[in-house]
Amino acid sequence: MTIGDIPKLGAFRKPDKEYVVPYLPIGSVVREREIQAVTQVLGSGETLSGGSRREQFERRFQSYVGTPYAMSTTSGTVALELAIHLLGLRPGDEVIVTPQTYQASIQPLLQYPDVTVKFCDIRSDTLNMDPRCLERLIGPKTRAVILVHYGGHPADMHEIMDIARAHDALVIEDSAHALGSLYHGVRPGALADIGCFSFHSSKNITTLGEGGMLTFSDGEWAERVDRLRGNEVDGRFLPQRHHFGDSKENLPGALYPGNAYTHDLVALHRHGTNATLGEAAAAMGTAQLDALPSLVERRRLIAARLRETLGKFEGLVDAPGDPEGITQAQHLFTCFVREEAAGRLNRHRLLHELDQRGVQIPLRYFPLHLLPEWRARGHRYGECPTAERVWFHEQFNLPCHPGLTDRQVDLLCDILEASVQAARCL
Ligand SMILES: *Cc1c(COP(=O)(O)O)cnc(C)c1O
């Protein structure tokens, strides 16, 4: 297996408009309600920044996910940055991550050159972190685990939390794909220490194209995040006299007694930023949250149609369904031409047939440990054999999002069937 095997889809890519089922970075459906919610804010004459709609969206989100706190940010990436900051990493600490995710899940760790990042291999069916590999990698220096619920399929959180707790490691769930999923009665984002969500246009709901959310239950973290996203520094705020005493030494004037504060820095290297979500975006988020159950239902319906179609070719294309206790939001529909089937069906040929017939195939998430920035930190091919085998040989995604019309879904299923027929080696 070599790098030369990477499918070169670009070689036969047509202009997007020529696709019957194009792959668009649009994951949600915008209806009249969202348009009304946004125009209502714009016409209200009220502030567009830091008003009541953000709080309303956060309250709705926290009760949906089931955590005491939900705090919005300008993007999922910023949510992850703040989450990783809250870990309080020190030189020599280790963080265990998954290689099969979008680069933003772990990009903030590039800012910590003295922290060791270990890539944990994945399960070949869900593409989520494999608890057995985690068990092998975790040790006394492990401060945290950062995982993703790939495509909306929740990771094995019972096993992973048991392993992490036994080693006093914190766990961040990148839940960017998993809004609307359920794991044994609990929502992703409430399964570990910190949940991070994205409301990018491609995700299960959106807040005008960009936005993110942090979910957790620690009240002190809530205060710190609120300062960090509001241009403050990461500190405990104290009345001024705590620092200057009552002597007023060298100060030109009197201290304000009540409302003037100074702070004890908690983390010197982290100053605040402005990462607060605007009012129109928050209003749209609340309307999208109302629509979430129907959006997820639509995704799951399309996924069921795709599975039914693939069921006609048993043993050729593998598309695992929901295990017991799990409802996946189907942010992605991932399927596999397994090694055992490779003699009978060529994945490359199948992708080509799909493309030629007008289905645009998104291949998502090149294994992160092989990206140049992680190779520069010493990571190499061979580190995560399952992630590598699945990416280079087995997996692909079919379009699956609520924006597809009924007609497009019918066409997608017909084209899929015809493409598998054409790509089979008889
Ligand atoms: C989209 C995404 C992010 C980043 O979210 P943005 O809102 O685009 O910054 C992080 N992790 C995963 C898994 C994602 O899919």
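Good morning. I begin with a definition: Ala, Val, Leu, Ile, Met, Phe, Trp, Tyr, Cys and Pro count as nonpolar, Asp, Glu, Lys and Arg count as charged, and the remaining residues, Gly among them, count as polar. Please also keep in mind that the structure before you is a predicted model.

Let us apply these classes to the largest pocket. Its lining has 10 nonpolar, 11 polar and four charged residues. The volume of this pocket is about 350 Å³. There are 25 residues in the lining, and those closest to the centre of the pocket are Y102, A104, S198, H200 and K203. Two elements, α3 and β7 (194-198), each give two or more residues to this lining.

What sits in the largest pocket? The ligand does. The shell has 17 residues, and G76, T77, D174, S198 and K203 come nearest to the ligand. Sorted by class, these shell residues are six nonpolar, nine polar and two charged.

In D174, a polar side-chain atom lies 2.6 Å from a nitrogen atom of the ligand. In S198, a polar side-chain atom lies 2.7 Å from an oxygen atom of the ligand. In K203, an N or O atom of the side chain is 3.0 Å from an oxygen atom of the ligand.

Rolling a probe the size of a water molecule over the atoms shows where empty space is left. How many cavities of 30 Å³ or more does the structure hold? It holds one. The volume of the largest cavity is about 130 Å³. Its lining consists of 16 residues, of which Y23, H331, L332, C400 and H401 lie nearest the centre. By class, this lining has 10 nonpolar residues, five polar residues and one charged residue.

Finally, I draw your attention to the backbone at two positions. L208 is not a glycine, yet its phi is positive, at about 60°. This leucine lies in the loop between β7 and β8 (212-216). Y365, also a residue other than glycine, has a positive phi near 65°. Y365 is found in the loop between α9 (347-356) and α10 (372-375).

Thank you for your attention.

Terms used
Residues numbered from 1 in each chain as written. Predicted model: local features only at pLDDT ≥ 70, side-chain atom pairs only at ≥ 80, totals over all residues. Heavy atoms only, no water. Near = heavy atom within 4 Å. Polar contact = N/O pair within 3.5 Å; in protein donor to acceptor, adjacent residues only side chain to side chain. 1 Å grid on protein atoms, 1.4 Å probe; cavity = no way out; pocket = protein on both sides within 12 Å on 5 of 7 lines; lining within 4 Å. Sits in = over half its atoms within 2 Å of the grid points. Points joined across faces, edges and corners; volume = space filled by probe spheres on them. Helix = DSSP H or I, 4+ residues; strand = E, 2+ residues; numbered from the N terminus.
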